Amino acid sequence: MTYVESSREPLRPIVDTPAALDLVLGSLASGNGDVAFDTERAHGHRYWPKAYLLQIRRPGAGTWLIDPVPFEGGSQLSRLVEVTGDAPWIIHAASQDLPCMQELGIVPTVSSTRRWPRGCSGSPPPASGRSWSARSGSSSGRRTPPTTGRSVRSPRAG
């Protein structure tokens, strides 16, 4: 086993001011490739799935930790999507993260299905309100894509 003794990039301070957010936006805009995104929520202690920490990473831009609380009520965080253009977003636990992302104005567009499990198209379930659809054209109701093990419903099955 090899132990890592230092980070491959500097540890940045948590982003909690408009000036610091501008640095993030510039960095993300100059990066390239997919955007990795995750939220940390406190819904175990609250009645709603509110985000208290955003984690975003893009090749060439590095990793950034954002405290969303100082930006509540504004549209500043929606600029995270704007500066990344058409880059695919990879969202950890998307069905849980999307509602709190939408609350903050962070709504990536779905322009490609290349990230969805093989044999599936459409948008991710629960948060988008759409179902996965099987490309095989079967209307037999529930289907299990070979790469996910998750049960999905064909839209023709009702």
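Me: In what order do the elements of the protein chain run from the N terminus on?
Reply: They go α-β-β-β-α-β-α-β-β-β-β, which makes three helices and eight strands. Those are DSSP runs numbered from the N terminus: helices are H or I with at least four residues, strands are E with at least two. Keep in mind that this is a predicted model, where local features need pLDDT of at least 70 and side-chain atom pairs count only at 80 or more, while totals for chains, interfaces and linings use all residues. Residues are numbered from 1 along each chain as its sequence is written, and side-chain values use heavy atoms, without hydrogens and water.

Me: Which strands form the open sheet?
Reply: Four of them, ordered β3-β2-β1-β4 with mixed pairing; two strands pair if DSSP finds at least two bridges between them.

Me: And which ones stand at the edges?
Reply: β3 (62-66) and β4 (89-91): each has a single partner strand, so one side of each has no neighbour in the sheet.

Me: How do β1 and β2 run, parallel or antiparallel?
Reply: Antiparallel, with six bridges joining β1 (35-41) to β2 (51-58). Asp38 sits opposite Gln55 in β2.

Me: Switching to helices: which strands does α3 lie across?
Reply: Helix α3 (94-103) lies across β1, β2 and β4, at about 80° to β1. Helix α1 (18-30) lies across β2 and β3, at about 150° to β3. Axes are lines fitted to C-alpha atoms, for helices over the stretch in contact (heavy atoms within 4.5 Å), and angles run from 0 to 180 degrees between N-to-C directions.

Me: How much of the chain counts as buried?
Reply: 35% of the 158 residues, buried being under 20% relative accessible area with a 1.4 Å probe, protein chains only.

Key: Buried means under 20% relative accessible area, exposed over 50%, partly exposed in between (1.4 Å probe, protein chains only).
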